[in-house]
Amino acid sequence: MEERSSDSGGGRMEQNIPDYKLIFEKEGVYLHTNAKRSNQDTTIPGFIRVVERAGVPALEWSPLEDEGRCAPAVLYSKKDGEGGEEDTHFDPGYEPDWAVISTVKKDREHVPVKESDQWSFSLPLSELYSLRRARFSLGRNFLVLTSRGGHPLPALHFHRGGTRELLRALHHYIVLDPSPVDGRLYLAYPHETGALSHSFDRLHLLDDGSDLVTRFIQDPYATTFAGFELINCGVELGPRPDVTRGQPLDKWEEFLDPEGRVTNPDKIKELVFRGGIMPSLRREIWKFLLGFYPWNSTTKEREDILRFKTDEYFRMKVQWKSVTEEQEMRNSLLRGYRSLIERDVSRTDRHNTFFSGNNNPGLTLLNDVLMTYCMFNFDLGYVQGMSDLLSPLLFITQNEVESFWCLTGFMELVHQNFEESQEAMKQQLLKLSILLKALDPELCDFLGNIMKTKELTKQVKDKVVEKYEAGLGYKKISRALNISLSAIKSIIRKWKEYDTTANLPRGGRPPKLKSRTRRK
Amino acid sequence: MQNNHHKEHLYKILVIGDLGVGKTSIIKRYVHHNFSPNYRATIGVDFALKVLNWDQETVRLQLWDIAGQERFGNMTRVYYREAMGAFIVFDVTRPASLEAVAKWKEDLDSKLTLANGKNVATVLLANKCDQGRDVLTNNGIKMEQFCQENGFVGWYETSAKENINIDEAANCLVKHIIASEKDLLQSEVPDTITPQLENDKGGTCSSCFRSQ
């Protein structure tokens with residue numbers, strides 16, 4: 001963090017202000033006037049600062065020669081209906097309805113105002129609505145700030161870098177959340193105490209397939225570890241509830257009414273959730289849990305269902321069984337599924353007696369149920385991992401037809417994990433990373449740093465440039481700093497081209513919306 | 001200066017190929033020196049680390065065992081990232097798995113290149129050679145031609161079960177990785193002369209600044 005104590009010009013000029021604290025300062029920030037208000041200087045060199053005035057954090061810019069002046073020319077402060085009376089001090093008891101009251105410089109009491117001074121401004125951070133960081137030519141960043149009143153402030157060009165550091169300094173006070181539609185645009189929010197609820201808002205954001213998800217699909221690791229700086233305030237979780245494992249469900253008949261309907265499915269689910277099921281009852285209860293039998297079916301109805309489902313199973317089984325070799329020759333999809341299944345069946349739970357040894361009938365059952373599943377859902381077909389799901393189902397039900405329908409019920413729940421796009425898998429990883437970020441930010445950062453392909457710190461990169469300037473060759477630098485040659489090469493290349501070792505923002509807006517999402 | 005400077009290399013190596021061709025078995029044989037006929041299907045990706053002594057330097061191979069069905073997903077790009085070399089494996093008893101080799105190679109080359117734009121060193125493994133050979137692998141010349149056409153640096157008939165040629169194939173790959181790394185260094189910045197003291201052969205103008 002580039003925090004400087006107030007020994008520079010910036011500090012001196014503020015010393016007569018009570019309760020003033022300089023948090024961040026960066027020189028070499030040029031304000032670009034639009035030549036609307038002034039037809040002279042279109043760029044004015046100056047300072048950007050984050051300050052606390054009477055405890056209220058604000059973002060300020062003032063011109064270089066603006067020493068000895070204490071108050072910015074333009075103040076963005078609370079609307080007071082007074083027709084633009086400017087405050088030089090901020091009301092600590094402000095309400096969140098700040099707005100620009102004037103962008104026109106009023107005459108200051110004593111100090112004559114230079115042309116450039118009229119551009120200085122102070123924006124309380126609560127008043128910051130958005131911030132767009134974009135790249136000008138030569139890797140120079142510029143920021144465009146917008147106040148909650150909707151007024152864009154003049155663009156600030158960071159000729160000597162520092163936007164990243166500034167954003168970091170701002171992070172102490174506000175949340176800067178990348179806009180879902182434009183990665184360079186950050187929306188400002190106050191830090192909330194309800195961080196957790198906020199984080200789950202963001203989960204909703206994911207659920208409706210918005211930007212983050214699409215971005216994640218394009219670059220899962222980078223997005224996961226870069227996109228969630230939001231939850232960096234430690235999340236306060238409530239005390240951990242005391243949970244003990246319950247007894248396995250060992251009664252069944254007493255949950256059935258005289259016709260055989262399950263009287264209280266929720267109770268059953270609760271008991272199963274808490275304690276599992278006695279092995280001897282699994283065969284029966286799994287069929288309910290996996291949707292083969294409806295909870296409210298009677299014993300009689302279940303007999304009918306079984307008969308009907310048995311017919312349906314064999315009808316589908318016959319479909320692939322009756323394909324001749326010649327037909328299969330011309331059906332690459334079916335041939336592909338068959339080959340995949342054959343490969344995996346021969347290596348599924350072979351240590352289990354149900355599947356061990358050669359020519360075990362268990363293997364034939366695995367094969368036949370999986371082949372029939374392909375006919376049931378030909379679009380999905382066979383995906384690696386399915387054999388592992390079917391294996392315990394076959395073992396528990398000991399029945400081809402029942403295991404098949406339990407598999408279809410199970411796949412109904414988890415089929416997304418098997419889809420080619422792997423979107424569900426990515427979403428789950430994404431949620432995992434969000435949880436990790438909230439629960440163990442340190443570990444998350446650690447993983448994030450590893451994933452960031454060993455990015456070198458700016459200090460190290462500067463060292464590389466320093467050595468290069470001293471005339472050392474790439475190999476020598478590499479050896480001296482123990483950094484790979486290719487890294488050194490790219491640091492120097494960037495330094496030559498952009499005259500900086502800092503990270504540059506990506507050029508242009510990354511494509512985020514898939515055509516399908518865009519249509520929504 | 002070499003003596004007190006024990007260098008270490010870490011290379012990420014991909015092991016890809018259709019499912020059931022023996023990728024996991026090859027890695028287990030190479031790293032753990034054993035074989036089991038009952039390996040499960042690999043879901044997603046698995047890892048293993050092999051440490052080699054190479055000309056008094058340490059070479060660590062990080063082997064990425066990528067599930068055979070992954071080609072159909074779009075995660076391979078993530079898995080391939082920053083790899084320096086690859087084995088593409090097929091099963092000699094299944095000609096179809098050789099057909100898939102070209103697709104795997106294509107997938108690899110389209111998603112992964114070195115900094116100088118070249119493809120990573122890739123060795124083709126004709127696995128399960130203990131179970132008989134098919135016509136193609138029986139024909140060394142044909143295989144050489146296949147390797148040339150598809151950009152493999154070499155090929156080996158291997159057997160994870162009988163431990164045939166696995167070390168040899170790995171050494172071949174490491175050799176090529178080290179060579180391509182050297183190549184990378186040489187192609188660093190072609191239009192820049194790096195002054196070096198050792199470089200006493202011509203070309204250095206006396207008025208040029210000499211670094212130390």
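I began with chain A, whose secondary structure comes to 19 helices and eleven strands. I took helices (H or I, at least four residues) and strands (E, at least two) as DSSP runs, numbered from the N terminus. This is a predicted model, where local features need pLDDT of at least 70, side-chain atom pairs count only at pLDDT 80 or more, and totals for chains, interfaces and linings use all residues. Residues are numbered from 1 along each chain as its sequence is written, chains are lettered from A and ligands numbered from 1 in the order in which they are written, and side-chain values use heavy atoms, without hydrogens and water.

I looked up burial next. Of the 520 residues in chain A, 46% are buried. Buried means under 20% relative accessible area, exposed over 50%, and partly exposed in between (1.4 Å probe, protein chains only). The accessible surface of chain A is about 27400 Å² (Shrake-Rupley method, 1.4 Å probe). Carbon and sulfur atoms hold 52% of that surface.

I checked contacts (heavy atoms within 4.5 Å). In chain A, 59% of those with a separation of 6 or more join residues 24 or more positions apart.

I turned to A:Pro265, in helix H6 (residues 265-275) of chain A. A:Pro265 counts as partly exposed because its relative accessible area is 21%. Its C-alpha atom is 8.5 Å from that of A:Phe255, ten residues apart along the chain.

Last, I looked at B:Lys7. I found B:Lys7 in the segment before strand S1 (8-17) of chain B. Its relative accessibility is 38%, so B:Lys7 is partly exposed.
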